[in-house]
Amino acid sequence: MYVCLCNCYTDKQLRDVAREGASSVSKAYRRLGRPAQCGRCISHAREVLEQALFETEPLALPAE
Ligand code: FES
């Protein structure tokens with residue numbers, strides 16, 4: 001599904017760059033080649049990245 005219509009970035013592309021280490025929308029977009037244009041996608045792109053990062057590195061629970 002398209003997340004960023006200006007740059008034609010999909011949720012899969014965002015998840016892929018998140019797994020490769022992109023930890024913010026600006027870093028992810030830089031890796032994909034173009035920065036945000038209108039900015040309407042930022043909130044949804046952040047949610048996709050956060051979900052991908054959580055799936056990659058779930059929050060560490062404190063030791064009991
Ligand atoms: S929809 Fe992503 S910058 Fe416009």
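Trainee: Which residues of helix 1 and helix 2 meet?

Mentor: In this predicted model, Gln13, Leu14, Val17 and Ala18 of helix 1 meet Ala28, Arg31 and Leu32 of helix 2. By class, this contact has five nonpolar, one polar and one charged residues.

Trainee: Why are helix 1 and helix 2 called roughly perpendicular?

Mentor: Their axes come within 10 Å and cross at roughly 105°. Angles of 65 to 115 degrees count as roughly perpendicular, and helix 1 and helix 2 are therefore described in that way.

Trainee: Which residues of helix 2 are buried, and what puts them on the same side of the helix?

Mentor: Val25, Ala28 and Tyr29 are buried in helix 2, which spans residues 25–32. A residue is called buried if 20 or more other C-beta atoms lie within 10 Å of its own. These three residues cover an arc of only 95° around the axis, so they lie on the same side of helix 2. What covers them includes helix 1 (11–19) and helix 3 (42–56).

Trainee: What makes up the largest nonpolar core?

Mentor: This core has 15 residues, and among those with the most contacts inside it are Leu14, Ala18, Ala28 and Leu49. Strand 1 (2–4), helix 1, helix 2 and helix 3 each give two or more residues to it. Helix 3 gives the most, with four residues.

Trainee: Which residues does Ala18 touch, not counting those up to four places away in sequence?

Mentor: Ala18 touches Ala28, Leu49, Ala52, Leu53 and Thr56.

Trainee: What follows helix 2?

Mentor: Helix 2 is followed by Gly33, with a positive phi near 115°.

Definitions and conventions: Residues are numbered from 1 along each chain as its sequence is written. This is a predicted model: local features need pLDDT of at least 70, side-chain atom pairs count only at pLDDT 80 or more; totals for chains, interfaces and linings use all residues. A residue is buried if 20 or more other C-beta atoms lie within 10 Å of its own, exposed if 12 or fewer, and partly exposed in between; C-beta atoms are placed from the backbone. The arc is that of the directions from the helix axis to the C-beta atoms. Two residues are in contact if their C-beta atoms, placed from the backbone, lie within 7 Å. A nonpolar core is a set of buried Ala, Val, Leu, Ile, Met, Phe, Trp, Tyr and Cys residues joined through C-beta atoms within 7 Å. Axes are lines fitted to C-alpha atoms, for helices over the stretch in contact, and angles run from 0 to 180 degrees between N-to-C directions. Angles under 35 degrees count as roughly parallel, over 145 as roughly antiparallel, 65 to 115 as roughly perpendicular and the rest as oblique. Ala, Val, Leu, Ile, Met, Phe, Trp, Tyr, Cys and Pro count as nonpolar, Asp, Glu, Lys and Arg as charged, and the others, Gly among them, as polar.
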